[in-house]
Amino acid sequence: MMEKNITFFDDRPIDDFSKDWMWKDDLSTDANRQIMEIAQRIMRPLVAPDELSESLTFAIHGRWGSGKTSFVKLIIARARQLLREQNIDENRLVFCEFNASSLQMSGQPARASMAMQVLLALAESTMETSQNQDQLEDVKSKALRIFSSRAYKQNIGIEDIVDKNQPVFERITRINKYLEQVSEELAGSQGFCDIIQAELAGQSDGPHAMTERALVVFIDDLDRCHKEYVTEILDVIQQWGMTKRLYFVLAIDRYILDVIIRDYYGDIIGDKDESKNQIAIEKYVQHSFEIPELNEDGVKRYITALFKD
């Protein structure tokens with residue numbers, strides 16, 4: 001008897017449309033329309049600098065495994081495609097991925113972790129992309145200089161923190177600890193928002209000097225975090241919300257967000273007032289979208305496309 005081959009597929013998120021087997025076939029679907037409209041909104045200030053530069057927060061809702069991470073990465077891919085079509089450097093759109101569930105385990109306050117990840121993303125966006133340790137050290141050193149020059153009015157470089165004769169891993173660890181320290185010191189202050197604003201306004205060295213940029217902070221796995229961590233992140237979003245060309249995208253189950261907000265504002269909104277609960281959510285989120293669940297036809301189309309590929 002002939003043995004049948006078993007085909008395995010991974011569950012990793014996708015980040016380009018060539019791998020999109022769920023939504024690409026029907027450009028009129030809500031999912032495709034939302035991807036396009038959000039992408040157009042976040043890249044708009046780079047096309048017309050005087051228009052629509054206010055900070056916004058988007059929430060992508062769906063159950064675990066529904067494709068929230070892929071959805072957000074397709075938004076970024078679409079936005080960069082739109083920039084290329086208008087002959088605008090796609091690297092002016094900086095993407096910072098904040099994996100909330102992983103960073104929660106570090107023990108560092110959410111505010112400080114987010115500040116550090118944003119700073120590293122801004123530093124890396126001005127450099128050539130690479131994955132080796134020397135490049136990682138350069139990125140962290142660049143982040144250190146941004147922080148020190150703007151917050152402390154002095155350039156603190158790698159030579160002030162580590163011994164160049166140390167192994168590269170030890171140097172990176174030392175720089176990382178210093179960045180954690182200054183992140184905790186500055187993350188809760190208006191000064192940090194000023195640092196972000198100056199960087200996005202092009203007041204930096206490197207290839208993007210004098211060039212305005214936009215920053216998208218994607219906060220993933222938020223529905224896998226403790227409620228205290230989630231509410232701290234929501235407060236950070238509100239505090240940083242006056243920064244122009246700064247956008248947040250949350251991936252979180254709507255039910256879990258509702259429960260956390262209700263618990264956070266319980267004394268104000270009451271136990272059963274859905275309208276007040278929605279108002280409380282809108283305090284943080286300006287636009288939300290629920291990823292549609294696949295129906296039977298959608299599942300068949302998805303599986304067929306997987307095997308065709």
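Me: What is the relative accessible area of Arg 224, and how is such a value read?

Reply: The value for Arg 224 is 43%, and the residue is therefore classed as partly exposed. The term covers the range between buried, under 20% relative accessible area, and exposed, over 50% (1.4 Å probe, protein chains only). The model is predicted, with local features requiring pLDDT of at least 70 and side-chain atom pairs pLDDT 80 or more, while totals for chains, interfaces and linings use all residues. Residues are numbered from 1 along each chain as its sequence is written, and side-chain values use heavy atoms, with hydrogens and water left out.

Me: With which residue does Arg 224 form a salt bridge?

Reply: A salt bridge places a side-chain nitrogen of Lys or Arg within 4 Å of a carboxyl oxygen of Asp or Glu. The partner of Arg 224 is Asp 221, and their closest N and O atoms are 3.4 Å apart. Asp 221 counts as buried, because its relative accessibility is 18%. Asp 221 also has a positive phi of about 60°, although it is not a glycine.

Me: Where is the place of Asp 221?

Reply: Helices (H or I, at least four residues) and strands (E, at least two) are DSSP runs, numbered from the N terminus. Asp 221 belongs to the loop between strand S3 (214-220) and helix H8 (227-239). Arg 245 is buried, because its relative accessible area is 5%.

Me: How many salt bridges does the structure hold?

Reply: There are 9 salt bridges in the structure. One of them joins Lys 68 to Asp 223, with the closest N and O atoms 3.8 Å apart. Lys 68 lies in helix H2 and Asp 223 in the loop between S3 and H8, so this pair ties together parts 155 residues apart in sequence. Lys 68 and Asp 223 are both buried. In another salt bridge, Lys 73 meets Glu 97, the closest N and O atoms being 3.6 Å apart. This pair links helix H2, which holds Lys 73, to strand S2, which holds Glu 97, across 24 residues.

Me: In what order do the strands form the sheet?

Reply: Strands of a sheet pair through backbone hydrogen bonds, either parallel or antiparallel. Two strands count as paired if DSSP finds at least two bridges between them. Here 5 strands form an open sheet in the order S2-S3-S4-S1-S5, and the pairing is parallel. Strand S2 (93-99) and strand S5 (287-290) are the edge strands, each pairing on one side only. S4 is joined by 5 bridges to strand S1 (residues 56-61), and 5 bridges also join S3 to S4. Opposite Ala 251 in S4 stands Ile 60, and opposite Leu 246 stands Leu 215. S1 pairs with S5 over 4 bridges, and there His 61 has Glu 290 as its bridge partner.

Me: Which residues of S4 point one way, and which the other way?

Reply: In a regular strand the side chains alternate between the two faces of the sheet. Leu 246, Phe 248 and Leu 250 point one way from S4, whereas Tyr 247, Val 249 and Ala 251 point the other way. With 6 of its 6 residues buried, S4 is therefore largely enclosed by the rest of the structure.

Me: Which residues of H8 are buried?

Reply: An α-helix has 3.6 residues a turn, so residues three or four places apart point the same way. The buried residues of H8 include Tyr 229, Val 230, Ile 233, Leu 234 and Ile 237.
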